[in-house]
Amino acid sequence: MKYDLIVFGGGTSGVAAAYIASKNGLRTLLVEKTDTLGGAITQGLVIPSMKTDTQNINTDFFNDLMIYADKYSSRHKYIDGNEAWFNPELLKIVLDDMLNSVNCNVLFNSQPISINYNDNTCIFETNINHKLLSIYVETNYIVDATAEGEIFKLLNCNFQKNSETFQTPTLRFMMSGVNITKFADWLEKFDQDRNVTTIDRASSQIHLSTAYTWDTNKAWALRPIFQRGVCDEVLEYEDTAYFQVFTIPSMPETLAFNCPRVILDDEDNILDPFVYSRALFQARKRIFRLANFCKKYFTGFENSFISHIADTFGIRESNRVKCKYTVTKDDIINPKKFDNIAFAGDYPIDIHSNKNNKDKLEFVKKTYFVPIEALISEKYDNLYAVGRIISSEFEAQAALRTQMSCFSMGEAAAKDIYNKLTSQDKKQ
Ligand SMILES: Cc1cc2nc3c(=O)[nH]c(=O)nc-3n(C[C@H](O)[C@H](O)[C@H](O)COP(=O)(O)OP(=O)(O)OC[C@H]3O[C@@H](n4cnc5c(N)ncnc54)[C@H](O)[C@@H]3O)c2cc1C
């Protein structure tokens, strides 16, 4: 089997890379460890995609995604202009359809065990249905979209030095049986100053979002209720670190929760499998308490229940790879122009901390740009890295990790590979 490129990881950035490469006629193989596409969005229940610069570059994948998502009624355009409020379950079907429509070869339940990288040839073994199977594939290019740099690890490539603390992980969940109309009516009266609560009654399904954090620098309307929850021992204080809910298109009685945060000790490294596993135990206990809290104190939750706990942990930041260019915090704050821009953005530096009053949301004044060299390995010219592993400093990654940027990174890598392959063909 010979491919133009193999994309490892069928998540946020990987599906964009594989779709755009296939759409441009490249022979593409997408290798995904689990049984679904979408990564953090579908397996991690991470919705909605945050808006970034409307002038962004490389948005063909996003534009097609909007069309396919509409076909399955799986997105909502929110009142703040955000077009990408997704339904994570339906998105699994949307992404299958998109990848099939461009004849991309997809291997689920597969992951590379070894890679021989020799004369632009990649040979890997894969584990399908728990049976070790060796698949020998030749490829001209590889894209690492595994969110942890698994291919960079196998090829002994360099990583950025880890920062002293990681961003806090979150295990997301959903509650169903919620009477959204009652909840919206109650919330509208309760949160009079409307500092974080928004309610969109324009379409047939009510959409809303609200939030609370334990930070004292904001006048959160929900604070007295959370305080009561702690006082009544329904919640532990750390459960109140961060609370955010969103409605979901085509799920009229369900809410998606961007919480609970896992509170790790400073010396705990989430990349340590023991820390990771302990953190999951902690997160699921917090979900149970938060769900009981919602039932007890929020109008509209009387008949609610936990309907879904994310299949994968929400890791915001861990390994960052080293490419020909490393995006710095200064590139985000004082944007530079580059010859070959992969994508642009204006999403702020968004750091979730494990301590109260230590979160950071640093807005940027201008659109920033990221060069294609930030996606190409410093060691191999035909190895690309896309997604939250982007070659960047800790604070730059905190701005670049959102889904819209990940889509554009995947697309930029695919187009760069296409340009290189077609210019080689012309030379021959
Ligand atoms: C809790 C949380 C909340 C967030 N909130 C938002 C938000 O509201 N809006 C927003 O825009 N962004 C948000 N983000 C950020 C954003 O969702 C992620 O940074 C982004 O989706 C990561 O994309 P990715 O392509 O790097 O990885 P992923 O989407 O995680 O994809 C990685 C894929 O690689 C696969 N994989 C892993 N290892 C292998 C292997 N060895 N072989 C084959 N496949 C492999 C995985 O199964 C997965 O499918 C949030 C992130 C978190 C964690």
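Predicted model: local features only at pLDDT ≥ 70, side-chain atom pairs only at ≥ 80, totals over all residues.
The protein chain contains ten helices and 20 strands. Along the principal axes, its C-alpha trace spans about 70 × 50 × 45 Å. The radius of gyration is 22 Å. A compact globule of 428 residues would have a value near 22 Å, so the chain agrees with that expectation. Of the 428 residues, 58% are buried.

A backbone N or O atom of Ala-40 lies 2.9 Å from a ligand oxygen. For Met-50, a polar backbone atom is 2.8 Å from an oxygen atom of the ligand. For Arg-388, the distance from a backbone N or O atom to a ligand oxygen is 2.8 Å. On its own, the ligand has 1,000 Å² of accessible area, and the protein covers 94% of this area.

Most residues other than glycine have a negative phi, and most peptide bonds are trans. The bond that joins Ile-47 and Pro-48 is cis, with omega about -10°. Pro-48 sits in the loop between S2 and H2. Pro-260 is placed in the loop between strand S14 (251-257) and helix H7 (273-297).

Positive phi values occur at Ser-73 and Asn-109. Neither residue is a glycine. Phi is near 45° at Ser-73. This residue lies in the loop between H2 and S3. Ser-73 has a relative accessible area of 44%, so it counts as partly exposed. At Asn-109, phi is about 55°. Asn-109 belongs to the loop between strand S5 (105-107) and strand S6 (115-118).

Ser-74 is likewise found in the loop between H2 and strand S3 (75-76). Its relative accessibility is 0%, so Ser-74 counts as buried. Ser-74 and Met-251 are 177 residues apart in sequence. In space, their C-alpha atoms are 9.4 Å apart.

Asn-56 lies in the loop between strand S2 (28-31) and helix H2 (60-71). Asn-56 is buried because its relative accessibility is 11%, under the 20% cut-off. Its side chain has two polar partners listed here. A polar side-chain atom of Asn-56 lies 2.8 Å from the backbone nitrogen of Ala-344. The side chain of Asn-56 also makes a polar contact with the side chain of Ser-408, at 3.1 Å.

The structure holds 26 aromatic pairs. One of them joins Phe-152 and Phe-159. The ring centres are 6.4 Å apart and the planes stand at 70°, so this pair is edge-to-face; the angle for that class is over 60 degrees. Phe-152 has 0% relative accessibility and therefore counts as buried. Phe-159 is partly exposed because its relative accessible area is 24%.

Trp-214 and Tyr-237 form a tilted aromatic pair. Their centres are 5.2 Å apart, with 40° between the planes. Trp-214 lies in the loop between strand S12 (207-213) and helix H6 (223-231). Tyr-237 lies in the loop between H6 and strand S13 (242-248). The pair therefore ties together parts that are 23 residues apart in sequence. Trp-214 is buried, with a relative accessible area of 6%. Tyr-237 is partly exposed, at 40% relative accessible area.

Conventions
Residues numbered from 1 in each chain as written. Heavy atoms only, no water. Polar contact = N/O pair within 3.5 Å; in protein donor to acceptor, adjacent residues only side chain to side chain. Areas by Shrake-Rupley, 256 points an atom, 1.4 Å probe, with all protein chains shown as cover. Phe/Tyr/Trp six-rings, centres within 6.5 Å; stacked < 30°, edge-to-face > 60°. Buried < 20%, exposed > 50% of the residue type's maximum accessible area, 1.4 Å probe, protein only. Helix = DSSP H or I, 4+ residues; strand = E, 2+ residues; numbered from the N terminus. Rg over C-alpha atoms; globule rule 2.2 N^0.38 Å.
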